[in-house]
Amino acid sequence: MKRNKWGAMGLASLLLASLLGGCSSGKSASNTSTNAGNAANAEEKVTLRFSWWGGEDRHAATLAAIEAYKQVAPNVTIEAEYQGFDGYEQKIKTQLAGKTSADIMQLDLPWLQELTKKGDFFVDLNTQPEFDASGFDQGFLDNYGMYDGKLAAVPTGVNAYCLIINKSLADKLNVDSAAQWTWDSLLEAGKQLHAQDSSKYLLLTDHAALRQDMVTMLKQRTGKQWVQEDYTLGFTKEDAAASFDWLYQAMQAGVYQPLGESDLFFGKIDQNPKWINQEIPIAPSMSSILPSLKTVLPEGTEVITALPVIAKDAKDSGVLVRPSQLFAVSNDSAHKTEAVKFLSWFMNDPGAAALLGDVRSVPPVKASQEAAVTAGKIDAAITNAVELGLSHAGLVDNAVANNSEVQKIMDDIVQKVSYGKSNAEQAADELIASLTSKLKDLQDRE
Amino acid sequence: MSVTQSILNKIPKSGRRKIKVRRNYQYAGYLYILPWLIGLLIFQLYPFISSLYYSFTDYNMVSAPKWVGLDNYHKIFTEDPDFYQSLKVTGIYVLLAVPVKLAFALFVAMLLSAKLKAINFFRTVYYLPSILGGSVAISVLWRFLFMKEGVVNSLLARLHLGPVDWLGSPDIALYTLGLLTVWQFGSSMVLFLAGIQQIPNDLYEAGSIDGASRFSMFFRITVPMLTPIVLFNLVMQMVNAFQEFTGAFVITHGGPMKSTYLYALKLYEEAFTFFKMGYASALSWILFLIIMAVTAVIFKSSGGWVHYEDGGK
């Protein structure tokens, strides 16, 4: 075998170059919608792309609604682009930057808050005569859909943080499913359950849910957002240390399944075998997750909801009520009018609502809500969670608190505490130091 | 060139026109590879060079890039502990996964070089994992195999072993992901197999006449004769391992406790979660330089351990 040293080196570097080049380019060349001209008249054939994430039930219901829209607008073809939560954020952000996003897209609140700061991606629905926003609660729209005076997106549903309880299992395990929990009583009950049977844990989680718990605890202690809109902290070291101390104890006592096991199902807690095999009775989660958590349990299993944990002396309930997700229409859409028309139908039409039911929690439009209830498509447990949430609603999350880099700091520290690698004091110090420097960095980049 | 020239000089003048015609055929050759060439320029060379430019900017893909000089590099080296963590994890990963994978590939290649009736069938079967390879589906399968209540642990339980927290323990998770890479040994194995079959039989005959054991024939004949292929496999697998992504992304998300936070994952997160494209480009150029450096070291050292029949001339 012959060799040519420099030739081989050259070849190797070219190969590297191409591998890395491919790696860093990122922008995917995906299909753009058919470009038949801007003015969409009724006769013109139009293809729209609609993207969302979700579980099986949401996919099925949304596809059924899309199918039904064929009767309403035979000239419009809707191409569905759906997937699980994992990786959806990255896909959407990349598509938006590359101007290849779907015409109508489902977004999560934190991304919307971030994206509206970075560019003008979405159609102002208030300027669209085809869009009927009259059925929405104006306050809800103002809080979550309006950015710089524009209605960039509308809520897909009203979603409340709650405890989703497998009541059949809770009864069997002697866990009080009617309790109004405090952090102390929760810790105690979890400790007891795990001590009785080491294969059982009280709470289902992943690192994002733990982050949520920590943030809730901080809000309840201080009555303020943990990260304020002016890039300052809303808590002291003592507040953080107390919260982490609770988490540390809860992890040690087996209130939660060890994070190493549960986090394999990050963003898809309904796939956790411990939940499916009925070894965990309670999932602290958003009400919109309920259908997917329920479908994996045997038929006849009773699933109810309850108010999330509220500390006795809480200054704010910390109960999160927010849109399940939001729908926006892309500014790059070639068929904005048609896209807006579809979205308006999707949100307001009673027939659509009856098909969609509670797959995005309780519909935000009153008439749609009633239609879905009449059709028997809304789980009473979800209505309960949303009603409880609305009557106990806490602070509205601001964009800085929802920033992905800020949240990642909390994620990392929550993990250290959960694995017992940091104690409460160390974790609190690290949280404050990391946040302070990150917030400064973010402010500089504004 | 001189060789061509001397041949040209020997050809009578009347024949030279034919040569010119042949040269025209060469241009036709370029025409044939044009689609590839355009692809290379637009989809590889252009992003490659522009990523160098972006690495000196603050760029979120939405607003125009803002020139910041060496700021990104400075931040990476001085203010980003995750950078060092991801380097460490990636280093361990490369040092472990690559040699184990090559050793395993060689082992299987030895088995499959046996002259059996159904050998082609076996070769196909053993190559299958590489086709399925780094896909998302296999990563999901890996999760279900190795999770706490997964298949592997239930098999171990039958032997009254375990359970091992394959993916949940910060001390083990990286090795479990390494196994996923090792499992995709097929392409290295095929090259080894081809190499083994190229080794002249008379070497083994001479060895056995001299009374060499199979063991010493393996280490004194097979391995030295295969070193050029080892070199190639080593470089290719090393380059791939530095950029490993799918398994860690799908199965562990870099966790637990960043124990599988590979460099490519860090890069991806900066680029597509935080939208810091400039920063991510800088990270990718640092990785590029690291891979180049390691490749150079391997090539430099190869003179000492790679054996060429013709002496490497």
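Hi everyone. Let's start with chain B, which has 14 helices and two strands. If you follow the C-alpha trace along its principal axes, you get spans of about 75 × 65 × 35 Å.

Please keep in mind that this is a predicted model. For the model, the scores are ipTM 0.80 and pTM 0.81. In chain B the mean pLDDT is 87, with 91% of the residues at 70 or more.

Two more numbers for this chain. Of its 313 residues, 44% count as buried. And among the contacts in chain B with a separation of 6 or more, 67% are between residues 24 or more positions apart.

Now to the empty spaces. Rolling a probe the size of a water molecule over the atoms shows where empty space is left. How many cavities of 30 Å³ or more does the structure hold? There are six.

The largest cavity has a volume of about 140 Å³. On your screens, look for Phe346(A), Met347(A), Leu356(A) and Arg360(A), which are among the residues that line it. In chain A, helix H13 (336-348) and helix H14 (350-356) each supply at least two residues of this lining. Sorted by class, the lining has seven nonpolar, four polar and one charged residues.

The second largest cavity comes in at about 120 Å³. It is lined by 14 residues, and those closest to its centre are Tyr161(A), Trp183(A), Asp213(A), Pro308(A) and Val309(A). Which elements of chain A each supply at least two residues of this lining? They are strand E7 (158-166), helix H7 (183-196) and helix H8 (207-222). The largest share, three residues, comes from H8(A). By class, the lining of the second largest cavity divides into ten nonpolar, three polar and one charged.

Is Ser262(A) buried or exposed? The cut-off for buried is under 20% relative accessible area. Ser262(A) has a value of 0%, so it is buried. Leaving aside residues up to four places away in sequence, Ser262(A) touches Thr205(A), Gln257(A) and Asn272(A).

Note on methods: Residues are numbered from 1 along each chain as its sequence is written. Chains are lettered from A and ligands numbered from 1 in the order in which they are written. This is a predicted model: local features need pLDDT of at least 70, side-chain atom pairs count only at pLDDT 80 or more; totals for chains, interfaces and linings use all residues. Side-chain values use heavy atoms; hydrogens and water are left out. pLDDT is the predictor's confidence in each residue, from 0 to 100. On a 1 Å grid over the protein atoms alone, a cavity is a set of points where a 1.4 Å probe fits but cannot get out, and a pocket is an open set with protein on both sides within 12 Å along at least five of seven lines; lining residues have an atom within 4 Å of a point. Grid points are joined across faces, edges and corners, and a volume is the space filled by probe spheres set on the points. Helices (H or I, at least four residues) and strands (E, at least two) are DSSP runs, numbered from the N terminus. Ala, Val, Leu, Ile, Met, Phe, Trp, Tyr, Cys and Pro count as nonpolar, Asp, Glu, Lys and Arg as charged, and the others, Gly among them, as polar. Buried means under 20% relative accessible area, exposed over 50%, partly exposed in between (1.4 Å probe, protein chains only). Contact means heavy atoms within 4.5 Å.
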